[in-house]
Amino acid sequence: MSAYKDPSTSSKPYRDPTPLPESVPKVQELGTTSAPLKSAAFFIGAYCKDYNDDFMLCKSEDRDPGHCLKEGRRVTRCAQDLITKMRENCLADFDKHWNCLERNNHQYNLCRKVERPLNKCMFEKLGLVKTIPGTPEGQKPIHEVEKPIFTGVQK
Amino acid sequence: MPVPWEALIPFGLLTTMFAAAGTLVNVSKRAQNQGKPVRYGIDPWDEMMMERDRRLTGHVRGQSTEPIAPEGFATSSAWYTEKTSI
């Protein structure tokens with residue numbers, strides 16, 4: 001029988017027996033984890049809109065994993081670029097926001113107070129605005145409402 | 001008449017044990033989650049992201065803001081399918 005060996009206990013890196021062909025360019029994967037990614041999500045949407053739309057339209061033609069590799073590489077590189085820029089310019093606000101999210105079950109509505117300085121910094125330094133697509137016309141987006149109805153449990 | 005203080009011992013015991021059990025559960029949960037509150041209402045997306053976090057940082061609640069992933073991340077999801085020699 002085979003025993004389950006936890007990969008994190010391995011002493012050697014994984015050797016891929018079937019690596020990608022040399023014709024496929026290599027891209028380094030994004031190393032950001034879930035909370036910082038969620039914090040930066042709307043800014044990635046604003047900054048990388050073209051590449052993201054390109055990839056999604058390409059994937060909608062064919063769900064085969066090997067189909068949209070070029071567009072996928074572009075998406076990864078764009079996200080890496082934005083994360084680097086965010087860290088250079090707004091590191092303090094960014095860190096505060098994703099730490100707040102991490103302590104609050106990754107819910108945006110519980111971290112509005114910390115989100116406002118981040119949005120302000122991103123707009124001033126990088127010109128990126130958080131927009132929620134699908135907001136009904138004439139209604140203020142929920143992240144701009146000063147006194148929302150639904151807030152967290154009183155601690 | 002003197003106060004029957006022995007009769008109040010069970011109440012004190014109940015309160016203490018209740019508080020102790022609650023504290024122990026809370027501390028245990030926090031210790032498992034690196035001192036942060038536990039994540040609830042996790043859907044398959046969150047499970048997938050937490051598994052990705054584990055591959056990136058070693059713990060399901062570990063976080064990092066590095067733009068470039070560490071060496072070996074690209075293939076670490078395939079480790080589960082690796083043939084073992086046992």
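Predicted model: local features only at pLDDT ≥ 70, side-chain atom pairs only at ≥ 80, totals over all residues.
Residues are numbered from 1 along each chain as its sequence is written, and chains are lettered from A in the order in which they are written. Local features need pLDDT of at least 70, side-chain atom pairs count only at pLDDT 80 or more, and totals for interfaces use all residues, while side-chain values use heavy atoms, with hydrogens and water left out.

Begin by selecting both chains: 28 residues from chain B and 33 residues from chain A take part in the contact, where contact means heavy atoms within 4.5 Å.

Next, colour the side of chain B that touches chain A, to which α2 (44–57) and α3 (73–76) of chain B each give two or more residues, helices being DSSP runs of H or I with at least four residues, numbered from the N terminus. The largest share, six residues, comes from α2(B).

Now select A:Glu102 and B:Arg61, which form a salt bridge with their closest N and O atoms 3.0 Å apart; the term stands for a side-chain nitrogen of Lys or Arg within 4 Å of a carboxyl oxygen of Asp or Glu. Between chain B and chain A the count is three salt bridges.

Finally, go to A:Asn105, in the loop between α3 (69–103) and α4 (112–126) of chain A. A:Asn105 is buried, with a relative accessible area of 11%, since buried means under 20% (1.4 Å probe, protein chains only). Show B:Tyr40 as well, and you will find that the side chain of A:Asn105 reaches the backbone nitrogen of B:Tyr40 at 3.1 Å.

How values were computed: Buried < 20%, exposed > 50% of the residue type's maximum accessible area, 1.4 Å probe, protein only. Polar contact = N/O pair within 3.5 Å; in protein donor to acceptor, adjacent residues only side chain to side chain.
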